[in-house]
Amino acid sequence: MNDQIVMYLHGGSGNHGCEAIINSTCHMLEDLPKLLVTNSETEDRYYSLEPLCDILQERKIAEHFFAHVWYYVWRAVFRDPESFMRYRFREVLGKNRAPLYISTGGDMYCYEISKKEAIVANSTFVRAGAKTVLWGCSIEPQLLEDPAVVDDMKRYALITPRESITEQALHKAGITENVKLFPDPAFALEPEETELPSHFVPGKTIGINISPMIVRHEEKGGITMENYHNLIEHILQDTDNCVALIPHVMWRYNDDRLPLKELYRGYEANERVLLFPDMSCRKLKYIISQCRAFIGARTHATIAAYSSCVPTLVVGYSVKARGIAKDLFGTEKHYVLPVQSLENPEELIRAYDWIMNREQKIRNRLETIMPEYCARAKEAGQEVRKLWEEIHVQEGHDEAAG
């Protein structure tokens, strides 16, 4: 048997939120054996993860025609949805089955396609005799009205929701014994100092992040980019702050650099506007930590800001943005601007001005609560350690009894 903690449903470090979760988790479990099964081994070795854990490329059935056909027919004939998962994770199943698997895709249950993937993966590992953990998750409350999702939640040995809206929804659905609330693991991520451009003015720069995801969720076409354009103009014309355009996800099909380059167009010669290149999650966190304020769409870009005590406005669309803001400030109002509600091209300016008018109060609040909040994020690792020890104690008893 493979005596490692297997981390799975990791999309690759090109999403620096995914990278931040794994990086932080590896440090929490520093002395335990860990294997990351990844969708992109190349990305994970390129950024910050290679020294922290073993890395294994998962098998991609779509890249192997005959295997794809065989497993498709098998699944159809025998009604065996787990067959694809057994292929995908073959190196960590069967005789190589590990005792403990951690699902690190925190918002897998937020989307229909990935929800099915998460359910089948969990079922596959549990059926193989392993324990599973749903790590740093957010789940839309209405999803827990689905009996299949509720049954799946009960299979996990441990669930660590990262905000209280998800925790309360799980409790309401009758899932309580295996649920323990902790902040997102990335709150514990350590920044890595990196050289800043000469025109970046620490404490006088507004960090801005936008993603293709929020543009897709807008209900009025073009309104998101219009709001961002207007905000940049507002900062440049009405303040002496600089603007830093900071990407956080670099996946080909979901690349923050695309809308950021569109925002940057026309400002190339303006020394007060900077467009940052790709770099690791730790370096990105350092850059964000040097900002005066941050307006962000990506959850883990905003977590980098929150945990660095930078006043932050989230342009969001899901429970994770609302829940984290609610836990930090007691309310999501004014701290999260739902992209679905954008109708007026000045709404982002008004939301930004509200934050800046209370800038010091917000910073003081974050400086007061963040040390304990980040420490609490690290404590989630202790729950995994307890589970790991319990598994090995039980295995010892089983061997003695045998």
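**Loops, pockets and buried helices**

Reader: Where does His334 lie?
Author: This is a predicted model, in which local features need pLDDT of at least 70, side-chain atom pairs count only at pLDDT 80 or more, and totals for chains, interfaces and linings use all residues. Residues are numbered from 1 along each chain as its sequence is written, and side-chain values use heavy atoms, with hydrogens and water left out. Helices (H or I, at least four residues) and strands (E, at least two) are DSSP runs numbered from the N terminus. On that basis, His334 sits in the loop between helix 13 and strand 14 (336–338).

Reader: Is His334 buried, partly exposed or exposed?
Author: Buried means under 20% relative accessible area, exposed over 50%, and partly exposed in between (1.4 Å probe, protein chains only). The relative accessibility of His334 is 36%, so the residue counts as partly exposed.

Reader: What is phi of His334?
Author: His334 is a residue other than glycine, yet its phi is positive. The value is near 80 degrees.

Reader: What is phi of Leu9, and what is its relative accessible area?
Author: Leu9 has its place in strand 1. Its phi is positive, near 60 degrees, in a residue other than glycine. Leu9 is buried, because its relative accessible area is 6%.

Reader: How many helices and strands does the protein have, and what is its radius of gyration?
Author: The protein has 15 helices and 14 strands. The radius of gyration is taken over C-alpha atoms, and the globule rule is 2.2 Å times the number of residues to the power 0.38. That rule gives 21 Å for 402 residues, so the protein is as compact as a globular protein of that length, with a radius of 22 Å.

Reader: What does the C-alpha trace span along its principal axes, and what percentage of the residues count as buried?
Author: The C-alpha trace spans about 75 × 45 × 40 Å along its principal axes. Of the 402 residues, the share that counts as buried is 58%.

Reader: What is the accessible surface of the protein?
Author: Accessible areas come from the Shrake-Rupley method with a 1.4 Å probe; for residues, only the protein chains shown count as cover. Carbon and sulfur atoms hold 50% of the surface. The surface comes to about 17,600 Å².

Reader: What is the volume of the largest pocket?
Author: On a 1 Å grid over the protein atoms alone, a cavity is a set of points where a 1.4 Å probe fits but cannot get out, while a pocket is an open set with protein on both sides within 12 Å along at least five of seven lines; lining residues have an atom within 4 Å of a point. Grid points are joined across faces, edges and corners, and a volume is the space filled by probe spheres set on the points. For the largest pocket that gives about 1,200 Å³.

Reader: Which of the lining residues are closest to the centre of the largest pocket?
Author: The lining has 46 residues. Those closest to the centre are Gly11, Met108, Ser114, Trp251 and Tyr253.

Reader: How is the lining of the largest pocket made up by class, and which element gives the most to it?
Author: Nonpolar means Ala, Val, Leu, Ile, Met, Phe, Trp, Tyr, Cys and Pro; charged means Asp, Glu, Lys and Arg; the others, Gly among them, are polar. The lining has 20 nonpolar, 16 polar and 10 charged residues. Elements that supply at least two residues include strand 1 (5–10), helix 1 (16–28) and helix 5 (112–127). With four residues, the top contributor is helix 4.

Reader: How much space lies in the largest cavity, and which element gives the largest share of its lining?
Author: The count is two cavities of 30 Å³ or more, and the largest holds about 50 Å³. Its lining includes His16, Ala20, Cys281 and Lys285. Six lining residues are nonpolar, three polar and one charged. The largest share, three residues, comes from helix 12.

Reader: What is the volume of the second largest cavity?
Author: Its lining includes Thr299, Tyr306, Val314 and Ile324. Helix 12 gives the largest share, four residues. By class, six are nonpolar, two polar and none charged. The volume is about 30 Å³.

Reader: How many of the 11 residues of helix 14 are buried?
Author: Helix 14 covers residues 347–357 and is largely enclosed by the rest of the structure. Its buried residues include Glu347, Tyr352 and Trp354.
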